Amino acid sequence: MTKTDQTNKPLASEQRDELLNTLKERFEKHIDRHEFLEWPKIQEKLEANPDKLWSLHEMERTGGEPDVVEYDKAKDEYVFYDCSKESPDGRRSVCFDPEALESRKKNKPENSAVGMAADMGIELLTEEQYRSLQKLGDFDLKTSSWVQTPPDIRDRGGALFCDSRYGQVFLYHNGADSYYAARGFRGSLRV
């Protein structure tokens, strides 16, 4: 099912209400992530953008625990990141992108990080966003997450991922077609 097919199916009103309640509770529980933001304004934006609400539902459904981490005043957009303690469990064991998935001849994973993100209507975190997330708490202490990869690295068959160990954020490389049970991806969404 493509993203377009999925987004043509709006959330049922009870799904929407449940998601908004979950997001509000998380917002209030982790106020340190967004001290100067107000939930009613965020909810208003979400309710005006059902496609974005659908994407947040997908982030939640796959274990991402999305939360607001930033407000872009110039664009009047709230930025959500996956804030689960470990890489979202519903998005692990994936190679980097559709090309890497297609190139595997044996033991193909079910999906790719870039492909899943596109289907969900979100983007993989950049290295900079990943490092910014780590300033808000301890994430990926046991797992790792694919991050956006520059074209010159990807053109050579590689891809980048990050994790946090020993109080430091580490950036690594791997073949884009590799996948591991402890590696997934984190996404971002602008609303």
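**Entry 1: L19**

I note here that the model is a predicted one. L19 sits in helix α2.

Next I looked up which residues L19 touches, setting aside the neighbours within four places in sequence. The contacts of L19 are L11, L53, L56, H57 and E60. For the pair L19 and E60 I took the C-alpha to C-alpha distance, which is 8.2 Å. In sequence, L19 and E60 are 41 residues apart.

**Entry 2: helix α2**

I then checked the length of α2, which covers residues 13-29. With 17 residues at 1.5 Å a residue, α2 should span 24 Å. The C-alpha atoms at the ends of α2 are 24 Å apart, in agreement with that figure.

Which residues of α2 are buried? I found L19, L20, L23, R26 and F27. Looking down the axis of α2, I saw these buried residues fall within an arc of 130 degrees, so they line one face of the helix.

I went on to the open sheet of four strands. I read its order as β1-β2-β8-β3, and the pairing is antiparallel. Its edge strands are β1 and β3 (123-124), each of which pairs on one side only. Helix α4 packs on this sheet and touches β1, β2 (77-82) and β8. The direction of α4 makes about 160 degrees with that of β8.

I counted the bridges at β8 (residues 187-190) next. Two bridges join β3 and β8, in the antiparallel sense. In that pair, E123 has S188 of β8 as its bridge partner. On β2, I found three bridges to β8, again with the strands running antiparallel. Here V79 has R190 of β8 as its bridge partner.

**Entry 3: helix α7**

I repeated the burial check on α7, residues 127-134. Its buried residues are Q129, Y130, L133 and Q134. Down the axis of α7 they fall within an arc of 145 degrees, so I recorded that they line one face of the helix. I then looked for what these buried residues pack against, and found β2, β3, β4 (144-147), β5, β6 and β8.

**Entry 4: positive phi**

Most residues other than glycine have a negative phi. I looked up two residues against that background. D76 is not a glycine, yet its phi is positive, at about 50 degrees. I placed D76 in the loop between β1 and β2. With a relative accessible area of 36%, D76 is partly exposed.

Y166 is not a glycine either, and its phi is positive at about 55 degrees. Where does Y166 lie? I found Y166 in the loop between β5 (158-165) and β6 (168-175). Y166 is exposed, with a relative accessible area of 79%.

**Entry 5: the whole chain**

I counted eight helices and eight strands in the protein. The radius of gyration is 16 Å, close to the 16 Å that the globule rule gives for 191 residues, so the protein is as compact as a globular protein of that length. The C-alpha trace spans about 50 × 40 × 30 Å along its principal axes.

How much of the protein is buried? Of its 191 residues, 46% count as buried. I also checked contacts between residues at least 6 apart in sequence, and 62% of them join residues at least 24 apart.

Technical notes:
Residues numbered from 1 in each chain as written. Predicted model: local features only at pLDDT ≥ 70, side-chain atom pairs only at ≥ 80, totals over all residues. Heavy atoms only, no water. Expected span 1.5 Å × (residues − 1). Buried < 20%, exposed > 50% of the residue type's maximum accessible area, 1.4 Å probe, protein only. Arc of directions from axis to C-beta. Pairing = 2+ DSSP bridges. Contact = heavy atoms within 4.5 Å. Axes fitted to C-alpha atoms, helices over the stretch in contact; angles between N-to-C directions. Rg over C-alpha atoms; globule rule 2.2 N^0.38 Å.
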